[in-house]
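User: I'd like to go through this model with you, starting with how the chains meet. Can you take my questions one by one?

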Amino acid sequence: MSRSPGRKQENHKISRELFVLTYGALVAQLCKEYEKDEDVNTCLDSMGYSIGIRLIDDFLARSAVKKCRSYSETADMIAQVAFKMYLGVTPSVSCSSATGNVFSLILDKNPLVDFVEELPPERASLCYCNLLCGVIRGALEMVHLAAEVTFLQDRLKGDAVTEIGITFLRKPEDRKHRR
Amino acid sequence: ELSLAAFALLFSELVQYCQRRVGSVAELQERLAQLGHHVGLRALDALVARERPGRRETKVLGVLLFVKGPLWRALFGHDADKLEQANDDDRTFYVIEREPLVNTFVSVPRENSSLNCAAFAAGLLEAVLGASGFPARVSAHWHKGTTLMIKFDEAVIARDKSLEGR
């Protein structure tokens, strides 16, 4: 590292507005280039995936968390540590299946939609924050946890809250071999 | 305030996305400038409402100092390093930054060495100046770090001079 540590330390934060507006510019650009909402959603998801597979490194380096021993610990980690670190919010976690591999994160405040009032009528099925799903999916895959992540409810589409559903794809017994 | 890593990765995806759809460095810079434009328009509204409620800059120097100080601080966390005027041209000003935030994790391969991702910041600045009533062309250059060259329209400078006269 040839740079002095002092300057780098202060630059570890950026303004939330810049991030949120840049994300908005990205979504707007995608909407201009793709006519169908599904295409935009897919594109956002795959971009999120590329970001997630790299963000996990930054997360593990900065948070120094211990290995998670169960799916519910993982879901808690995502909600309480990762979301706090990168978006400044803490969604609440709930487990919605008996098998213990389906969770949902409920976001009261979603900073990505700070400047978004509502979706335009011609874009009614756009998942504006689909990038987040891709990020979570990519990050989990890099720690060998296959999962499906989708939006179950979205405030922009008229639901009461924004809810992200995470379904871990392997059975809990498969994790017993980890020591 | 959010983590730089998140923004850097988002910006990297943005650049890669644009790169896949254009054929030349100039077009890539143009795309980045357009995205920056989008951001600049909206950032200006939010910022002016917070920092200068009810007051609008009417002089060129005023708006440039606003850009160097409050705007840069709000977006990038610190003032722009330097603000200079061209010696021979009263329409041209330079905002200089040694290490622009958007270029923090960008390494440019030799075959694309003229690419400067600060084109994003240039588009942002152009939108801010245009929406404040000071239309200009802003471009990014590799000079003393990164220099954003602002060239105001003739009408702006003429108006400024007539204001000074009063």
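This is a predicted model: local features need pLDDT of at least 70, side-chain atom pairs count only at pLDDT 80 or more; totals for chains, interfaces and linings use all residues.

User: How many residues of chain B are in contact with chain A?
Analyst: Both sides can be counted here. Chain A puts in 37 residues. On the side of chain B, the number is 34.

User: How much area is buried between the two chains, chain B and chain A?
Analyst: Interface size is often quoted as the accessible area lost when the parts come together. Carbon and sulfur atoms give 64% of that area here. On the side of chain B, the residues that lose the most are B:Leu2, B:Leu10 and B:Tyr17, together 21% of what that side buries. The total between chain B and chain A comes to about 3,400 Å².

User: Which residue of chain A forms a salt bridge with B:Arg21?
Analyst: The rule finds three salt bridges across this interface. In the one with B:Arg21, the closest N and O atoms are 2.5 Å apart, inside the 4 Å cut-off. The partner is A:Glu33.

User: Which element gives the largest share of the side of chain B that touches chain A?
Analyst: Several elements give two or more residues to that side, including strand S1 (2-3), helix H2 (25-51) and helix H4 (119-131) of chain B. By residue type, the side divides into 19 nonpolar, seven polar and eight charged. The largest share is twelve residues, and it comes from H1(B).

User: What does UniProt list for residues 1-20 of chain B?
Analyst: In the model, that span is 85% helix and 10% strand, with its end C-alpha atoms 31 Å apart. The label comes from an unreviewed UniProt entry, where residues 1-20 are listed as "signal peptide".

User: Which residue of S1(B) stands opposite A:Lys13?
Analyst: Strand S1 (residues 13-14) of chain A is joined to S1(B) by two bridges, and the strands run antiparallel. Opposite A:Lys13 you'll find B:Ser3.

User: Which residue in the turn between S2(A) and S3(A) has a positive phi?
Analyst: Strand S2 (residues 92-95) and strand S3 (residues 102-107) of chain A pair antiparallel over four bridges, with A:Ser94 opposite A:Ser104. They form a hairpin with six residues between them. The phi in question is about 75°, and the residue is A:Gly100.

User: What is the bridge partner of A:Val102 in S5(A)?
Analyst: S3(A) also pairs with strand S5 (residues 162-168) of chain A. Six bridges join these two, and they run antiparallel. For A:Val102, the partner in S5(A) is A:Thr167.

Note on methods
Residues are numbered from 1 along each chain as its sequence is written. Chains are lettered from A and ligands numbered from 1 in the order in which they are written. Side-chain values use heavy atoms; hydrogens and water are left out. Contact means heavy atoms within 4.5 Å. Buried area is the accessible area (1.4 Å probe) that two parts lose on being put together, summed over both. A salt bridge is a side-chain nitrogen of Lys or Arg within 4 Å of a carboxyl oxygen of Asp or Glu. Ala, Val, Leu, Ile, Met, Phe, Trp, Tyr, Cys and Pro count as nonpolar, Asp, Glu, Lys and Arg as charged, and the others, Gly among them, as polar. Two strands pair if DSSP finds at least two bridges between them. UniProt positions are given in the numbering used here, feature names are shortened, and annotations may be inferred rather than shown by experiment.
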